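Trainee: I'd like to learn how to read packed helices. Can you walk me through a case?

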Amino acid sequence: MKRLTSLLALAACFASMSAPAATLIRNATVHTLTSAGTLENTDVLIDKGRIAEIGRGLRAPDGAEIIDAAGRPLTPGLFGGLGHLGLLEIGLEPPAADARFGLGAMRPEFDVTLAYNPDSAAVEVNRAAGITFAMLMPSPAGDSGPRGGSILTGQGGIVTLDAGLEPLARAMFVDLGGDASALSGGSRAAQFMLLEQAFTEARTPDLLRAGDPRQLTPIGRRTLRTYLERGGPFVFHVDRAADILQVIAFARREKLRAVITGGAEAWRVARELAAADVPVVLAPLDNLPQNFDQVGATLKNAARLHAAGVRVAFSLRDTEPHNIRKIRQAAGNAVAHGLPWEAGLAAITRVPAEVFGVGDRMGSIAVGRPADLVLWSGDPLEVTSLADHVFIGGEPQPLETRQTELRDRYLDRVRRGAAR
Amino acid sequence: MHESWRTALVLGALLAAGCAAQAGRETEETRESQAIVSPTDRADPYPSTYHPAPSEPTLIRGATVLTGTGVRLDGADVLMADGKIVAVGPGLEAPAGARIIDAQGRWVTPGIIDVHSHLGVYPTPAVRAHSDGNEATSPTTAEVWAEHGVWPQDPGFATALAGGVTTLQILPGSANLIGGRSVVLKNVPAATTQAMKFPGAPYGLKMACGENPKRVYGGRSQTPSTRMGNVAGYRKQWIEAQEYLRSWERYAKKLANGDEDAEPPKRDLRLDTLAAALKGEILVHHHCYRADEMAIVLDMAREFGYRLAAFHHAIEAYKIANLLADAKVCVATWADWWGFKMESYDGIPENIALVDAAQGGCVIVHSDSEEGIQRLNQEAGKAIAHARRIGIEIPPERAITWITANAARVLGIDDRTGTLEPGKMADVVVWNRNPFSVYALADLVFIDGHLHYDRAASDEKPRSDFLLGRKDRPLNGVLAGGAR
């Protein structure tokens, strides 16, 4: 199934690259995010949707478009974090919002990616700002709508910000901690009880007898069992240091591949996270305790985790999709607070790609990879830089969006004194 | 405006004394002023108890200085003494005993001012018990005052200070058409809100357009449930406030005519505030996203003869940038927020640049966020980048006015802070580099000349009482071995 999915994705990918012309980017500062490191004055040739060559003084094939980077930075396309991209147009308007799900029961078979709308204005706006892939996720449990959700909020997936609908990799989301305790009978302690029951139902359905209270539907049991067998990632939304330790222990017992998201206090259990090789997808701007699970929030979270050897990726805390382009700024702030610059860039490119199982096709620049690339006007983590060119699968992406159309409609009026 | 406001304070103090005959000049003044007896002539019942912390004469040397007046000085010095700016320029002499700060390679700006914050009224931790920003029990609650809900222990004040914020306006939320009075604070540690109150700053009045009031009250099948209802709701209030003012004028006239039995009108807290807003003594801040609604509010201000200080959020200000500039109304907005609600769907990251580009335009970068207030300089940086892409080059000395001088202007405190001019409060930030960079950090923050933040010492005990006892160390997890 996984292989099939990849093949389908690959096919979709090729279909969308209906013969893009070759492009040669000359004289870039290429941040490869591989062991090759950063290459100065380097050319990158894009051909047939892939990175065909990397080197100095490359020859342009006939008819290739040539872009003179003049030393500007070239990076992999950026990760837009975990959220509701293409899942809601306007959060406050329910018919235009599909990320919230609540049937009052645990439904691991819920797959939020089926609602993905690549035509959402937020997709083009963020793509034009250099975001080329993102993890779609269901709403956290605390925000699950009138009928109540469950702590196992369902499946999400990695999408690229072109027209592709099929997720390239999946993840299962679990919401724990104080925010979710209303969905576990009022106590976070019951969250592990409920999960354990669900996992047991999935693994040993024979234990169930008629009339037993159940967590999962028959389809849900099959979905969860299959997912467990394939070793897909479970993304635990959790902030409190003690809760993170409980997740590490739970993952060890259940033999899960755990990923922590949120993780406001993760730095306090950095040693344990490193030992268990559990990555953290954190929000670098978190430094105030929104609740009692986040009392230890600090801008040094990323730097401390990185120093302890934990794999660190970034997302914004807010799941709203409109301004996920802000992730660059968040990464820049982590750097300002002690994270090495290279790790800051990796946290929005290579690390999330690897954590979510797509590291072989995005998040770094290497020959043979799909050409998801961004050429920047300056330092990609700097607020005064913008994306000058964006490629997905070798295809140049339009920088024109609904927002630039609005801008251009009124710019001239302002200049003429007629914006009134 | 400030002058009439100060006069009102003086008169207020006298009225509070019961207008009883007092000796000498004051009695004369009281008599002279009887014709303008009004509900706004009251003593300040919750006065500022702020006192600048002690300061030593300080000379900052060799910095790139953005004065907030549109000027950039390279290799310049800033001299502060007695809590005030003394001089700005090259080669200043240090007075005897002055602290000298070598700021070569660093940048100096006025203290950052946020005109739109809910720190203290929506503090962290954001527990239900702390929800003090919206008195959402009636669409008009002009009678409530933000300062009565501010929790000075909000940890967000200290993180805002680390972002260079020295002054901020705390507003009630936007659930209501008229949400109540704002308060302007100096960002200093204090056990009471009054000890943070910016001395002599005018009050503001928070009003709200659009979705929020109609959603909150429409959801309860009350008015307003439409934008029509919103505007009708404001207008009814202004009519009442006008009538209230007239009843006071009639009273004043009677007093002036020697009618000693004249009864003052019954005091009304809600109308006290609205009347003061009509008279320009309380500054009106209107939360409004859409261009069409802002245009209507401009006309409403004309209809009732009051002045609007600023539109806040103003996502569509770029569509009517010239109209707003001509009306001399400032726009306080974000750099790139959009789409989080229908009325923000047309937000563009060039909004700031376009409002600024209009002849006479006045723009402010605001936060409305405990995160955004920590980095208003970066928000301005994003606006600079988007302006550049459409061929508008905004130099740092101009961009700094968006978060200093222009903000001071709409708060009515520009005669005291917002620029580095001699005689102004020594509210000063020393940055480790150009402040419009993502890597910029405030090294030193002075308020009235006192060093309130020093990055080198920022790991000391937290300012907020709430954070005392926070565990700033690893948790020694007993589960590390996986045992339960």
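Mentor: Here is a short tour of helix packing. This is a predicted model, where local features need pLDDT of at least 70, side-chain atom pairs count only at pLDDT 80 or more, and totals for chains, interfaces and linings use all residues. Residues are numbered from 1 along each chain as written, chains are lettered from A and ligands numbered from 1 in the order written, and side-chain values use heavy atoms, without hydrogens and water.

Trainee: How are two packed helices described?

Mentor: By the angle between their axes and the distance between the axes. Axes are lines fitted to C-alpha atoms, for helices over the stretch in contact, with angles from 0 to 180 degrees between N-to-C directions. Helices themselves are DSSP runs (H or I, at least four residues). Here, the axes of H3(A) and H5(A) come within 12 Å and cross at roughly 15°. That makes the pair roughly parallel (angles under 35 degrees).

Trainee: Which residues of H3(A) are buried?

Mentor: Buried means under 20% relative accessible area, with a 1.4 Å probe and protein chains only. Among them are Phe192(A), Leu195(A), Phe199(A) and Glu201(A).

Trainee: What about H5(B) and H7(B) in chain B?

Mentor: Their axes come within 11 Å and cross at roughly 15°, which makes H5(B) roughly parallel to H7(B). Residues that meet there include Trp238(B) of H5(B) and Met300(B) of H7(B).

How values were computed:
Buried < 20%, exposed > 50% of the residue type's maximum accessible area, 1.4 Å probe, protein only. Helix = DSSP H or I, 4+ residues; strand = E, 2+ residues; numbered from the N terminus. Parallel < 35°, antiparallel > 145°, perpendicular 65-115°, else oblique. Contact = heavy atoms within 4.5 Å.
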